[in-house]
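Here are my notes on the model, as promised. Have the sequence and the 3D view open while you go through the points.

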Amino acid sequence: MQTRFSRRFAAPLLSLALVLIPLWGVAHAGPPAKGVRLPPMPKNSACTTTIVTPGASADGSMLVSHSDDNDLGDQSIVFVPARDWPKGSLRPVYASAVAVGDQPQFNAFTVPRLVDGKRAPGYANPGNPPSIPVGHIPQAAHTYAYIDGNYAIMNEHGLMFGECTDGAFISNGPEPGKRIFYSSELARVALERCRTAREAITLMGRLIETYGYYGTGETLPVADKSEAWVMEMAPSPEGRGGLWAAQRVPDGHFWVAANEFRIRELIPGNPDQMWGESLMGVLDRAGWRSPENASRPVDWLTSVSHGEYCHPYYSLRRVWRALSLAAPSAGLPAWVESGVTRAYPFSIKPDQKMSVRDLQRIHRDHYEGTEFDLTRGVAAGPFGSPERYLGPYDPHGDVGDPKAQLKGAWERPLSMYYTGYTTICQWKPHLPGTLAGTLWLALDRPAESVFVPLTVGPLPKGYEKGDTRAFSRDSAWWTYNLVGNYAQLKYSYMIRDIRARAALNEDDGFRLQARLEDELAGLAAADPRRAASRRNQRLNAHAEAVRADWTNLFEHLVAKYAQGFVNAPGKMAQPVGYPQEWLDRTNYADGPAHGYGKGGK
């Protein structure tokens with residue numbers, strides 16, 4: 001395979017006949033020079049994403065995960081059905097607000113992220129203005145079914161995506177005729193039309209170069225049943241087209257990204273890399289090539305970004321933690337010399353074969369047991385809460401500007417209070433297609449939530465309702481959010497109840513997944529559609545039962561910890577108070593315990 005975007009490689013996709021139909025224009029300032037600090041990007045540009053290749057997984061599965069850390073964005077998980085389209089149809093390309101902010105000229109808002117009932121019933125969103133396309137491309141004759149969120153998730157053929165936002169030299173908005181695609185719509189088009197990771201990267205690369213890319217830097221893990229790639233992209237300084245590169249994750253390896261580009265040298269002739277035809281020319285014209293000597297390989301990370309995102313270790317601490325959890329024997333350092341360190345490999349061979357449960361643990365992590373443990377210290381409060389709420393005093397955006405003054409920062413863990421949902425896509429290649437794919441979904445922050453298995457099919461209605469603007473008992477997201485929020489009142493106590501309940505529900509989910517694989521094996525061979533429908537119905541029923549159980553858990557927590565006590569039948573109002581370690585840090589010992597005079601004298 002050629003390292004540049006190859007016309008030969010793209011040949012199967014040329015029938016798409018990509019044609020732009022520009023609509024409305026939007027004015028934007030020109031791109032900043034290298035080293036100029038950009039305006040802060042939204043706080044919700046903050047996700048963690050991983051890949052476990054089949055050779056690194058315990059059961060031969062391909063696994064792709066993504067925590068969508070979106071503040072209070074749209075938490076709807078939507079099923080987009082397969083469709084046949086009339087000849088000559090056009091596909092609208094919508095603007096995205098998820099990482100670049102609201103775009104009112106296109107009716108593109110954080111909530112709801114999309115209003116178009118033709119794309120999917122879950123996107124009808126009555127009472128909201130319909131989304132306005134930034135442009136159109138020719139529609140495919142047939143589009144595949146897939147599961148969608150703020151970013152694309154997984155299609156019926158086992159094409160899987162994750163995502164994280166990265167700092168980049170350029171951050172801009174959509175402009176018809178110049179830049180109509182952000183990564184979210186790029187990946188959705190790929191899920192609609194592609195079955196393999198290579199096909200998806202080829203298509204998305206052509207879309208970027210033909211129609212233009214806007215937004216932030218982006219990392220997209222892209223995997224199918226047997227092969228995993230990482231595609232990274234950034235806006236072009238020339239205002240059109242876009243910059244992109246891709247690298248294959250070796251089989252037998254684990255990979256992670258956390259808001260910083262992970263691809264480094266682009267090696268001509270490397271069969272495990274691809275990049276855009278225009279990339280080198282744009283870098284040279286902009287003076288961005290790093291290193292500047294054209295005879296040396298381009299360093300993708302330093303050619304298009306300052307490296308670390310938001311504040312030192314905002315990204316790299318999570319990369320270190322995830323790689324260290326997968327391969328502790330590697331002895332990777334927690335402290336490095338800079339945000340463009342080479343201390344952490346692109347991917348790593350895990351010490352033990354990994355599973356869905358391992359990814360669940362990684363996404364729930366707050367550095368427990370390390371020097372960065374967020375459940376310890378004065379900031380954790382008396383009950384060891386790992387949450388650190390951000391405010392206007394915290395840094396945002398890129399930190400490449402050496403003049404930036406950072407007054408302080410919290411460690412940034414993998415599980416955050418503003419995580420909207422976490423997905424783990426799983427494909428078991430040894431099973432029939434109708435049984436091979438599972439989406440493990442945890443709504444709200446993963447540390448205080450539960451993962452339920454779903455299929456690429458119609459979803460329970462409550463899981464498609466993720467409007468965060470008003471509380472709703474019809475929304476599954478709000479059900480899980482109640483537990484996550486309430487746990488902060490007495491975290492060290494309640495987290496034990498939550499973990500125990502999550503373990504029971506997840507054990508049931510794994511057992512149900514295995515049972516359906518056995519029960520439906522014969523039907524999957526004889527009648528794949530009927531087998532897929534039965535599996536979908538059974539898993540949906542389980543998801544609804546788990547949601548109901550989480551409502552029961554919330555009510556249990558309210559009663560058990562009412563009024564600050566620990567309560568149980570026959571042992572009500574147990575005055576547990578505060579841990580002595582925390583009392584010693586307060587003025588408790590100086591309280592009115594020594595008499596009635598001033599100062600207790």
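1. Asn259 sits in the loop between β15 (254-257) and β16 (265-266); strands here are DSSP E runs of at least two residues and helices are H or I runs of at least four, numbered from the N terminus. Its phi is near 70 degrees, a positive value in a residue other than glycine. Most residues other than glycine have a negative phi, and most peptide bonds are trans. Asn259 is buried, at 0% relative accessible area (buried means under 20%, exposed over 50%, partly exposed in between, with a 1.4 Å probe and protein chains only).

2. A word on the source: this is a predicted model, in which local features need pLDDT of at least 70 and side-chain atom pairs count only at pLDDT 80 or more, while totals for chains, interfaces and linings use all residues. Residues are numbered from 1 along each chain as its sequence is written, and side-chain values use heavy atoms, with hydrogens and water left out.

3. Ala573 also has a positive phi, near 55 degrees. You will find Ala573 in the loop between α12 and α13 (580-583), where it is partly exposed at 37% relative accessibility.

4. Please look at two cis peptide bonds as well. One runs from Val111 to Pro112, with omega near -10 degrees, and Pro112 is in the loop between β5 (90-94) and β6 (133-138). The other runs from Ser290 to Pro291, with omega near 0 degrees; Pro291 belongs to the loop between α4 (279-286) and β18 (298-299).

5. Which residues have the most contacts inside the largest nonpolar core? They are Leu266, Trp300, Leu443 and Tyr480, in a core of 79 residues (a set of buried Ala, Val, Leu, Ile, Met, Phe, Trp, Tyr and Cys residues joined through side-chain atoms within 4.5 Å). Apart from it lies another core of 46 residues, including Val134, Tyr146, Ile180 and Met204.

6. Tyr480 is also one of the buried residues of α9. Helix α9 (residues 476-486) is mostly covered, with 9 of its 11 residues buried. The cover includes β19 (419-427), β20 (437-443), β21 (452-454), α10 (491-519) and α12 (528-560).

7. Met204 turns up again where α2 and α3 meet: Leu186, Ala187, Val189, Ala190 and Arg193 in α2 are in contact with Ala200, Leu203, Met204, Leu207 and Ile208 in α3 (contact means heavy atoms within 4.5 Å).
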